[in-house]
Amino acid sequence: METASYLVRRGQLEQYFDRTAAHAWARLTSDGPVSRIRATVRAGRDRMRSTLLGYLPEDLRGQRVLDAGCGTGALAVEAARRGAEVVAIDLSPTLVSLARERAPAIPGVGLIDFRVSDMLEPSLGRFDWIVAMDSLIHYEPEDMVEMIARLSTRASRGVAFTFAPGTILLRLMHVVGKLFPRGHRSPAIVPIAERVLRRRIAAHPALQGATFVRTERIDTAFYKSQAVRLLTGGEA
Ligand SMILES: C[S@@+](CC[C@H](N)C(=O)[O-])C[C@H]1O[C@@H](n2cnc3c(N)ncnc32)[C@H](O)[C@@H]1O
């Protein structure tokens, strides 16, 4: 059962990514020109995507991958290029249709099953790998860890995700971000210190024995996010 805070935040994210920021997000994730600030975000995000994909085997043929909160689908495309059977899911119909439009234009990409829904949707079934790049960072810690737990029970080989490391600088940027007029700022990112996240994961009943086997922080001027490859008790 989803908590009230989860449902509220999910609604805000759908509104933000589908309407308020859909155009800006489409631009940021394209090859088109962007401002210097956005260029550093784009570069950081490119590094993050390859870091997360680096946690998966190079050859993904015959493996099922969920791109959880796929946005415009860049990670899904890379996984498909490596031969994975990819389900790419996002709350935003606008971003998913853009992802669909972009994907076929890339030669050699296998079939990607793009869907508009909640990544926690149980009917998606089981996966070898689940990757959530910057899609859990907007949720309160309790909800974020619950999402990780639910995704973990459905991944037989591994889960990789990102969190917003709770540094003082990031908290400051977050506070300053709130000063921008509504509509121009991104939806709240909820920073969480690594030790707090580890503690919460260790305390979750469905994540007993789960450990960070890999973790890397990408820290550019305007993009700060930390990748985690979680080894869960249920992994094959
Ligand atoms: C910051 S964007 C990142 C998109 C993509 N992973 C990337 O890195 O380019 C976060 C995305 O997560 C999606 N999202 C957030 N919560 C979700 C949920 N519960 N189920 C599916 N998608 C979700 C949002 O709609 C948004 O497109």
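Which residues do ring pairs link into a cluster? In this model, which is predicted, the answer is Tyr 16, Phe 17 and Trp 25.

A pair of aromatic rings is described by two things, the distance of the centres and the angle of the planes. The count of aromatic pairs in this model comes to 3. One of them joins Tyr 16 to Phe 17, edge-to-face, with 5.1 Å centre to centre and 90° between the planes. Another joins Phe 17 to Trp 25, and that pair is edge-to-face as well, at 5.4 Å between centres and 80° between planes. Phe 17 therefore takes part in both of these pairs, since pairing asks for ring centres within 6.5 Å.

Now burial. Tyr 16 and Phe 17 are both buried. For Phe 17 the relative accessible area is 15%, so Phe 17 falls under the 20% limit for buried. Trp 25 comes out at 23%, and therefore counts as partly exposed.

Next, charges over rings. There are two cases to show. At Phe 127, the ring has the charged end of Arg 64 sitting over it, 4.2 Å from the ring centre. At Phe 212, the charged end of Arg 198 sits over the ring, with 4.2 Å to the centre there.

On to the ligand. How many residues are around it? The shell has 20, and those that come nearest are Arg 45, Gly 69, Asp 90, Met 133 and Tyr 139.

The side chain of Arg 45 has an N or O atom 2.6 Å from an oxygen of the ligand. In Tyr 139, a side-chain N or O atom is 2.7 Å from a ligand nitrogen. For Tyr 6, the distance between a side-chain N or O atom and a nitrogen of the ligand is 3.0 Å. As for cover, the ligand on its own has 590 Å² of accessible area, and the protein covers 97% of that.

Terms used
Residues are numbered from 1 along each chain as its sequence is written. This is a predicted model: local features need pLDDT of at least 70, side-chain atom pairs count only at pLDDT 80 or more; totals for chains, interfaces and linings use all residues. Side-chain values use heavy atoms; hydrogens and water are left out. Rings of Phe, Tyr and Trp (its six-membered ring) pair if their centres lie within 6.5 Å; planes under 30 degrees apart count as stacked, over 60 as edge-to-face and the rest as tilted. Buried means under 20% relative accessible area, exposed over 50%, partly exposed in between (1.4 Å probe, protein chains only). A charge sits over a ring if NZ of Lys or CZ of Arg is within 6 Å of the ring centre and within 35 degrees of the ring normal. A residue is near a molecule or strand if one of its heavy atoms lies within 4 Å of it. A polar contact is a pair of N or O atoms within 3.5 Å; within protein, one must be able to donate a hydrogen and the other to accept it, and residues adjacent in sequence count only if both atoms are side-chain atoms. Accessible areas come from the Shrake-Rupley method with a 1.4 Å probe; for residues, only the protein chains shown count as cover.
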